[in-house]
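Colleague: I have this one open on my screen and would like to go through it with you. Could you take me through some local details, starting wherever you like?

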Amino acid sequence: MLTDQLNYIPIFMQCLLAVGFVAGTIVVSGKLGPKRRSETKDRNFECGIESVGNARIPFSVKYFLVAILFVLFDVEVIFLYPWAINFQELGIEGLIKMIIFMLLLLVGFFYILKKKALEWE
């Protein structure tokens, strides 16, 4: 039981390092960051164009739909990496399962194209 718990020490150390890095970066940026404030420095600036009007305009649902579809297909592509690394160990059974997985991805992609979810109006 003790050896199983010792296997988690590297994971705990990596999480501790990540949280420590983020906290350290926030603390250091607060201490070393700029201190002088002015109206000109605090004004919003984007692309060299002055801001006009309200920033809270509604976005089209298409924008969010394309973003969600991008994340969905991007995450599904991530599943290809472990398969590619273990390709020889998985053998023909792994190849058949990956072909089924890719066919399901293609069915989903063609469904999205048929529903015209990726077309801008």
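Modeller: Let me start with a side chain that meets the backbone: a polar atom of the side chain of serine 29 lies 3.0 Å from the backbone oxygen of isoleucine 26. Please keep in mind throughout that this is a predicted model.

Colleague: What span should H2 have, and how far apart are its ends?

Modeller: Helix H2 takes in residues 9-32, and at 1.5 Å a residue its 24 residues should span 34 Å; the C-alpha atoms at its ends are 33 Å apart, which agrees with that expectation.

Colleague: Changing topic, which residues make the nonpolar surface patch?

Modeller: The patch is made by Phe70, Val71, Val75, Val77, Ile78, Phe79 and Tyr81, and it covers about 720 Å². Helix H4, residues 61-78, gives the largest share of the patch, with 5 residues.

Colleague: Where is phenylalanine 79, then?

Modeller: Phenylalanine 79 lies in the loop between H4 and helix H5, the latter being residues 80-85. Its relative accessibility is 52%, and since the cut-off for exposed is over 50%, phenylalanine 79 counts as exposed.

Colleague: Let's talk about rings: how many aromatic pairs are there?

Modeller: The count comes to 5 aromatic pairs. One of them joins phenylalanine 79 and phenylalanine 101, whose ring centres are 6.3 Å apart and whose planes stand at 85°, so the pair is edge-to-face.

Colleague: Which parts of the chain does that pair tie together?

Modeller: Phenylalanine 79 is in the loop between H4 and H5, while phenylalanine 101 is in helix H6 (residues 87-114), so the pair ties together parts that are 22 residues apart in sequence. As for cover, phenylalanine 101 is partly exposed, with a relative accessible area of 24%.

Colleague: What about tryptophan 83 and phenylalanine 87, how are their rings arranged?

Modeller: The ring centres of tryptophan 83 and phenylalanine 87 are 5.2 Å apart and the planes are at 80°, so this pair is edge-to-face as well. Phenylalanine 87 is partly exposed, at a relative accessible area of 39%.

Colleague: Which residues form an aromatic cluster?

Modeller: One aromatic cluster is formed by Phe73, Phe109 and Phe110.

Colleague: Back to tryptophan 83 for a second, how far is its C-alpha atom from that of glycine 94?

Modeller: The two C-alpha atoms are separated by 7.8 Å, although tryptophan 83 and glycine 94 are 11 residues apart along the chain. Glycine 94 is in helix H6, and it is buried, with a relative accessible area of 7%.

Colleague: And charges, how many salt bridges do you count?

Modeller: The count is 1 salt bridge, in which the side chains of glutamate 93 and lysine 97 meet at 3.1 Å, N to O. Both residues lie in helix H6, 4 residues apart, which is about one turn of the helix. Lysine 97 is exposed, with a relative accessible area of 53%.

How values were computed
Residues are numbered from 1 along each chain as its sequence is written. This is a predicted model: local features need pLDDT of at least 70, side-chain atom pairs count only at pLDDT 80 or more; totals for chains, interfaces and linings use all residues. Side-chain values use heavy atoms; hydrogens and water are left out. Patches are made of residues with over 30% relative accessible area and no salt bridge: like charges are joined within 9 Å, nonpolar side chains (Val, Leu, Ile, Met, Phe, Trp, Tyr) within 5 Å. Accessible areas come from the Shrake-Rupley method with a 1.4 Å probe; for residues, only the protein chains shown count as cover. A salt bridge is a side-chain nitrogen of Lys or Arg within 4 Å of a carboxyl oxygen of Asp or Glu. Helices (H or I, at least four residues) and strands (E, at least two) are DSSP runs, numbered from the N terminus. Buried means under 20% relative accessible area, exposed over 50%, partly exposed in between (1.4 Å probe, protein chains only). Rings of Phe, Tyr and Trp (its six-membered ring) pair if their centres lie within 6.5 Å; planes under 30 degrees apart count as stacked, over 60 as edge-to-face and the rest as tilted. The expected span of a helix is 1.5 Å times one less than its number of residues. A polar contact is a pair of N or O atoms within 3.5 Å; within protein, one must be able to donate a hydrogen and the other to accept it, and residues adjacent in sequence count only if both atoms are side-chain atoms.
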